Amino acid sequence: MAKTIRETAREIRIFSETEVVVVGGGPAGVAAAVAAARGGAKTILVERYGHLGGMSTGGLVILIPFLSDGTTSRQIAGLCQEMIDRLDAMGAAVHPKDEEVGSTDPKILNYWRRRGHGGFISGGAVRYGALVDPEMLKCVLNDMVEESGVKLLLHSWGSRAIAEDDKVQGMIFESKSGRQAILSQITIDTTGDGDMFASVGAEFDDTIDRSVRSSNLALVFRIANVDADKYADFRDKEKTRHDELMKELTSQGGFNTYWRSSRPDILWCNNWIPNLSALSVEDLTWVEVNARKSMLLSHKFLKQNVPGFENSFIMDTASQIGTRGSGRLIGEHVVTWQDVLSGVVHEDSIAVLPHLGQTVSKGFPHVYIPYRALLPRRIDNLLVAGRCFSSDVNANNSLNWIQQCIPTGQAAGAAAALAIKQGTIPRKIDRKSLQASLLKQGVTLPGVTIESRSVSPAQRTSVG
Ligand SMILES: Cc1cc2nc3c(=O)[nH]c(=O)nc-3n(C[C@H](O)[C@H](O)[C@H](O)COP(=O)(O)OP(=O)(O)OC[C@H]3O[C@@H](n4cnc5c(N)ncnc54)[C@H](O)[C@@H]3O)c2cc1C
């Protein structure tokens with residue numbers, strides 16, 4: 001048994017009283033806060049770091065793929081599309097054109113295979129997705145939050161939720177201004193790790209299956225001044241030599257995966273560091289130190305051996321360690337791998353996702369996320385969205401991508417706003433009203449298809 005000490009009880013200043021507090025400002029948290037505020041709720045967003053975006057900015061995870069299923073229809077739209085549209089207007093996103101989505105033309109496929117390194121293609125067709133500039137995305141997310149009237153608190157680490165009789169009443173956070181409380185009618189946990197639900201005794205599962213992608217930690221870094229076309233040519237034309245070199249690099253303890261970014265001269269290193277926990281401070285520290293050693297080794301090797309990297313330099317490392325999976329809520333409904341395979345349509349579906357299993361293919365069914373997967377079983381006034389939503393380890397492994405976390409965040413925010421309006425708790429809101437509200441916001445739901453990205457948000461809501 002670990003030794004313990006008892007902390008002295010103390011009075012805590014109430015920073016604010018609000019209707020909705022969202023804890024964690026990653027893709028899901030921003031979507032939740034914006035949707036809650038646009039729905040009319042007085043909303044505070046609390047983020048531990050100095051910027052918004054979580055993995056999609058600070059984690060340097062700059063590929064938002066698979067918003068469509070290989071046909072011309074779009075499954076994911078809503079706030080995810082709004083973010084990409086806003087980046088587009090700044091020249092900060094690269095994505096297939098509307099007329100290219102669903103294409104099986106070998107020339108177009110080849111272009112996007114080389115430009116996106118697989119993120120824009122599967123099942124032999126072009127799928128909609130985007131490579132984004134993470135610094136511009138930080139600015140876009142600030143704008144969206146500010147314009148929707150959310151009160152933003154950066155540099156504020158959520159320590160725990162406050163609950164009495166299984167009813168959450170807000171949360172406590174630490175910052176340079178000390179330890180303070182926010183009282184709220186509804187709390188939304190978008191911390192990725194479930195910090196809030198874990199603190200109030202909600203049921204959750206943090207077991208890790210070492211065989212799945214999401215069990216791996218990472219420290220993404222970017223390499224600039226690369227001739228990415230020269231590297232792509234080498235990979236294509238001398239595949240055996242390329243693969244041999246990458247095998248040698250791996251055997252020396254280096255990283256072997258370098259993907260395209262929104263810029264032609266910058267690659268990002270996606271890496272998978274196994275057998276560690278995103279909830280262990282010692283494991284997180286180990287990654288920060290040792291991944292940088294591997295980065296130096298890798299870059300030296302690439303410069304010396306791999307065409308395209310001759311004049312390159314390490315541009316930056318992610319300010320935020322890469323965590324793909326940890327605590328997952330056990331909610332009213334647990335989305336299972338069987339749900340993913342079967343494509344079961346739930347009556348309370350709040351998001352439709354193109355399939356993204358081990359074999360990404362347009363032959364697979366869409367995945368429907370029920371509202372119940374955002375609701376804890378016993379604890380009230382709490383919603384959960386993003387990668388810690390209620391799902392088993394295999395379903396979570398294929399449903400915790402950025403474009404999938406944003407819709408659950410949007411739904412949680414819309415549900416919170418509705419609960420405030422209806423004077424009820426999230427568990428009791430009218431689910432059809434929630435779906436209607438999401439449709440109005442440009443989200444696609446069963447029976448709704450989007451034929452073109454250029455249609456207006458109003459057109460996107462038509463129910464087919
Ligand atoms: C290396 C790597 C590569 C990946 N590749 C892809 C890819 O190519 N495409 C893709 O779509 N997805 C990819 N993913 C998955 C995807 O990035 C994440 O699953 C997704 O960002 C999860 O979104 P989220 O909002 O749930 O959580 P996060 O992005 O983790 O955001 C959580 C936010 O909460 C904040 N937070 C956490 N705890 C607290 C607290 N106690 N108090 C206050 N704030 C807190 C964090 O700082 C962060 O801003 C990858 C992930 C990694 C790590």
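Reader: How many salt bridges does a search of the whole structure find?
Author: Happy to start there. This is a predicted model, where local features need pLDDT of at least 70 and side-chain atom pairs count only at pLDDT 80 or more, while totals for chains, interfaces and linings use all residues. Residues are numbered from 1 along each chain as its sequence is written, and side-chain values use heavy atoms, leaving out hydrogens and water. With a salt bridge defined as a side-chain nitrogen of Lys or Arg within 4 Å of a carboxyl oxygen of Asp or Glu, the search of the whole structure finds 25.

Reader: Which residue forms a salt bridge with arginine 387?
Author: The closest N and O atoms of this pair are 3.3 Å apart. Arginine 387 sits in the loop between strand 22 (382-384) and helix 10 (393-399), and its partner, 194 residues apart from it, in the loop between strand 11 (178-189) and helix 5 (195-199). Helices (H or I, at least four residues) and strands (E, at least two) are DSSP runs, numbered from the N terminus. The partner is aspartate 193.

Reader: What distance separates the centres of domain 1 and domain 2?
Author: The bounds come from an automatic or database domain assignment. Domain 1 covers 13-210 + 326-460, and domain 2 covers 217-323. Taken over C-alpha atoms, their centres are separated by 28 Å.

Reader: What area is buried between domain 1 and domain 2?
Author: Buried area is the accessible area (1.4 Å probe) that two parts lose on being put together, summed over both. Carbon and sulfur atoms give 53% of it here. In domain 1, Leu60, Arg114 and His117 lose the most area to domain 2, together 30% of what that side buries. The area buried between the two domains is about 2,300 Å².

Reader: Which residue forms a salt bridge with arginine 114?
Author: Side chains of opposite charge can pair when their charged atoms come close. Across the interface of domain 1 and domain 2, the rule finds 3 salt bridges. For arginine 114, the closest N and O atoms of the pair are 3.1 Å apart, and the partner is aspartate 236.

Reader: How far is an oxygen atom of the ligand from a polar backbone atom of asparagine 400?
Author: The ligand is surrounded by 36 residues (a heavy atom within 4 Å), and Asn400 is among the closest, along with Glu47, Arg48, Leu63 and Gly158. A backbone N or O atom of alanine 28 lies 3.0 Å from a ligand oxygen, and an N or O atom in the side chain of glutamine 320 is 3.3 Å from a ligand oxygen. For the polar backbone atom of asparagine 400, the distance is 2.3 Å.

How values were computed
A polar contact is a pair of N or O atoms within 3.5 Å; within protein, one must be able to donate a hydrogen and the other to accept it, and residues adjacent in sequence count only if both atoms are side-chain atoms.
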